[in-house]
Amino acid sequence: PQAVTNANRAQYVADYIFWLTDKSIRPQYTAFERGFRTFLKPKQVSIHTPGSLQTAIEGLRREIDIDDLRASTTYDGYSAEHHVVRWFWRIVGAYSHEQKCKLLEFVTATSRVPVNGAAGITFEIRWGGPDSERLPSSQTCFGALYLPEYDSLEKLSLRLGIALEHGLGFGVV
């Protein structure tokens with residue numbers, strides 16, 4: 001190792017910036033690039049503007065259609081006809097746009113709707129145990145909402161509201 005002096009200071013700064021922004025992250029970037037290119041080939045990327053590519057990857061900032069989300073939702077431990085599930089859809093059907101975004105982010109880690117709509121969202125409501133004081137939780141990598149079997153609509157509404165307001169969506173059951 002060479003000592004940094006006034007004479008080589010500029011080269012040291014240039015080398016350090018290169019190491020920090022390129023060399024130190026090259027393995028991770030290469031892995032990311034390989035994965036990215038399995039989904040989008042260079043020709044496909046070249047037809048996009050930066051904004052349209054961002055929209056294609058992140059989805060749209062638009063109203064979340066609860067009926068579409070409900071139609072594409074799957075269930076584990078519950079059925080679509082279970083009273084807790086019906087209460088859930090009644091509650092979220094009355095949510096504001098901001099609350100719907102919080103719900104989507106809580107369950108999926110993104111508040112945006114894919115370009116192809118709610119059908120492109122993995123959203124599953126799973127049985128989260130018997131009635132308790134526990135809040136709903138989620139596993140965002142699976143798009144799974146763990147919903148305890150609350151004994152009243154009011155309790156479900158309160159607990160879900162608290163979870164969405166204060167949770168980040170990375171709860172573990």
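1. Let's start with a crossing: helix 6 and helix 8 cross in a right-handed sense. Please keep in mind that this is a predicted model. Helix 6 spans residues 83-93 and helix 8 spans residues 153-166; their axes lie 10 Å apart, and the packing angle is about 55 degrees. That angle makes helix 6 oblique to helix 8.

2. Now for the residues behind that crossing. Helix 6 brings Val84, Trp87, Phe88, Arg90, Ile91 and Val92 to the contact, while helix 8 brings Leu153, Leu156, Ser157 and Leu160. By class, the contact of helix 6 with helix 8 has 8 nonpolar residues, 1 polar and 1 charged.

3. Which residues of helix 6 are buried? They are Val84, Val85, Trp87, Phe88, Trp89, Ile91 and Val92. The cover over these buried residues includes helix 5 (66-72), strand 1 (74-76), helix 7 (97-108), strand 2 (124-130), strand 4 and helix 8.

4. Ile66 is worth a look while you are in this region. It belongs to helix 5, and with a relative accessible area of 9% Ile66 is buried, because the cut-off for buried is under 20%. Leaving aside residues up to four places away in sequence, Ile66 touches Trp89, Val92, Gly93 and Lys100. If you like a C-alpha distance to check, Ile66 and Ile121 are 55 residues apart along the chain, and their C-alpha atoms are separated by 12 Å.

5. On the helix 7 side the contact is made by Gln99, Lys102, Leu103 and Phe106, and on the helix 8 side by Ala163, Leu164 and Glu165. The residues of this contact divide into 4 nonpolar, 1 polar and 2 charged.

6. Finally, Cys141. An unreviewed UniProt entry annotates Cys141 as "active site". Where does Cys141 sit? Its place is in the loop between strand 3 (137-139) and strand 4 (144-149). Is Cys141 buried or exposed? With a relative accessible area of 70%, Cys141 counts as exposed, because the cut-off for exposed is over 50%. Strand 4, at one end of that loop, is also included in the cover over the buried residues of helix 6.

Terms used: Residues numbered from 1 in each chain as written. Predicted model: local features only at pLDDT ≥ 70, side-chain atom pairs only at ≥ 80, totals over all residues. Heavy atoms only, no water. UniProt positions renumbered as here; feature names shortened; annotations may be inferred. Helix = DSSP H or I, 4+ residues; strand = E, 2+ residues; numbered from the N terminus. Buried < 20%, exposed > 50% of the residue type's maximum accessible area, 1.4 Å probe, protein only. Axes fitted to C-alpha atoms, helices over the stretch in contact; angles between N-to-C directions. Parallel < 35°, antiparallel > 145°, perpendicular 65-115°, else oblique. Left-handed = near helix turned anticlockwise from the far one by under 90°. Contact = heavy atoms within 4.5 Å. Nonpolar A, V, L, I, M, F, W, Y, C, P; charged D, E, K, R; others polar.
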